[in-house]
Every structure is written in structure tokens, then in C-alpha cells.
Amino acid sequence: MPIQKQKSGYQKQATPHDAHGRQNTQMLQAQPECGGADGEDAEQDHAIDAIDAAWEQYGADSAGIVLLGQSFGGLIVLGLAASQPDVPLLGVSTHGTGLRWLPGALQRFQSLLAEAPFVQLPFDENARSLGPANSWVHEARERLKQSRAPLPMAELREVLRFPQRLRQISADVRVPVQMILGEYDTTWESSASALDELSQLFPQAPFVDVRR
């Protein structure tokens with residue numbers, strides 16, 4: 001169910017290829033594993049350091065960098081794009097980064113708030129996002145279970161204001177944007193109206209592709 005918006009006058013940037021014909025566009029993936037007292041600003045500082053390092057290492061043979069973000073990482077890369085860093089960005093792609101809470105999702109996260117520095121998200125609830133049993137293999141579920149790590153409480157508190165923060169930064173994103181939500185996502189609504197609302201958040205982006 002894709003929703004696409006393209007403005008006239010947008011020119012696609014050519015991506016150089018190496019001697020084997022492979023594209024050399026660099027991709028930086030944001031999957032934060034920890035938060036901290038500085039929360040969101042600290043995560044963005046780390047992302048800026050990472051993108052600067054990636055460009056220094058690979059930029060000579062690249063047209064630019066595509067930022068990838070999963071869940072909270074999606075908010076980080078969108079914030080990074082909105083800050084307009086001193087590297088050529090070709091676009092941003094997020095997965096599992098939404099705007100409207102599904103019924104009960106916000107309350108589920110709120111119930112995990114505590115004084116402890118970390119919290120472990122319930123595995124069965126997260127695994128539901130894989131969809132019905134016939135849509136995934138057993139090994140995938142087991143790998144997901146083994147890769148679990150406690151969530152910093154500071155990051156959880158920022159998750160609770162996720163939609164507000166997304167609305168604050170989206171208007172400053174000036175590169176192509178792709179946002180994908182899973183059909184069985186247990187946190188974010190992916191109805192046609194929700195996807196349309198997401199697509200309208202980026203008035204300065206030359207191209208917006210929002211789908212599930």
C-alpha cells in the first residue's frame with residue numbers, strides 16, 4: 001500500500017559503480033543498542049560521528065550516503081537528515097518508524113516505566129510483529145529471541161514522545177524519504193490514512209515513499 005509524492009524538478013543523482021559494476025553508494029544503518037542520560041542528543045551525536053567516519057572512509061568513491069534506521073533508529077536518522085550534516089545525503093529509509101500508536105501500544109510502553117536503568121521488553125509481544133506462524137520460519141524467531149538486549153530506560157522515555165519528536169524534525173528533512181511499516185507491526189498504525197499522514201510530514205523532501 002505505497003503512498004508516493006514526487007516534486008517536479010527533482011533530479012536523481014547518479015551512483016558510481018566499481019570495476020565489477022557494483023554500486024558504491026554507502027549505506028549507514030542506525031540500530032542504537034543503548035541510550036544514556038543524554039538520551040536523544042547523545043544518540044544523534046554518535047550518529048553524526050558515525051556518518052562522518054563513513055564518509056571519510058568511503059566518500060572518495062561514492063555519490064553519497066543513504067541512512068537506514070529501524071524503529072527508534074529511524075527517528076535518529078531522520079533527525080540526522082534534518083540537521084543537514086556536512087556530507088552528501090542521498091536519502092533516508094526507515095522501517096518500523098510510525099506516527100500513530102496502535103490501540104494499547106502507548107499504554108504497554110508506559111507500563112514498563114520504572115526507576116531501573118534498563119528494562120527487558122516482553123519477547124512474545126515483540127514476536128507478534130513477525131505475523132502469523134505461516135509467514136516466518138522457526139529459526140528466525142529463535143534468532144530474534146537470542147538477539148534480545150535490555151532497553152535503556154532513558155530510551156524508553158524518549159519512545160513515549162516519539163510522534164511529537166517526529167513532527168518536530170520532519171519539516172527540515174530535505175532529502176528523499178522512504179518509510180515502511182510492517183503489516184503486523186504491534187506498535188504503529190499502518191492504515192491508509194496513517195500512511196498518508198506520514199507522507200505529509202516532509203514538505204521539503206523531493207520524494208516521499210511511505211508504504212507497508
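**A walk through a predicted protein model**

At 14% relative accessibility, P206 counts as buried, a label that here means under 20% relative accessible area, with exposed meaning over 50% and partly exposed in between (1.4 Å probe, protein chains only). P206 lies in the loop between α8 and β8, the latter spanning residues 207-211, where helices (H or I, at least four residues) and strands (E, at least two) are DSSP runs numbered from the N terminus. Although P206 and P176 are 30 residues apart in sequence, their C-alpha atoms are 5.6 Å apart in space.

The structure is a predicted model, in which local features need pLDDT of at least 70 and side-chain atom pairs count only at pLDDT 80 or more, while totals for chains, interfaces and linings use all residues. Residues are numbered from 1 along each chain as its sequence is written, and side-chain values use heavy atoms, with hydrogens and water left out.

Taken as a whole, the protein has 8 helices and 8 strands, and buried residues make up 43% of its 212 residues. Among contacts (heavy atoms within 4.5 Å) with a separation of 6 or more, 80% are between residues 24 or more positions apart.

The next stop is strand β4, residues 89-95, which is largely enclosed by the rest of the structure because 6 of its 7 residues are buried. Strand β3, residues 65-70, runs parallel to β4 and is joined to it by 6 bridges, two strands being paired if DSSP finds at least two bridges between them; G69, for instance, has T94 in β4 as its bridge partner. From β3 the chain passes through α2 to β4 in a right-handed β-α-β crossover, meaning that, with the strands pointing away from the viewer, the path from the first strand over the helix to the second runs clockwise. β4 also pairs with β7 in the parallel sense, over 4 bridges, and V92 has V177 in β7 as its bridge partner.

Helix α2, residues 72-82, is likewise largely enclosed by the rest of the structure, since 11 of its 11 residues are buried; among them are F72, L75, L78 and A82. Just after α2, Q84 takes a positive phi of about 55°.

Another loop, between β7 (177-180) and α8 (192-199), holds T186, and this residue counts as buried because its relative accessibility is 12%. Leaving aside neighbours within four places in sequence, T186 is in contact with L102, A105, R108, E125, R128 and S129.
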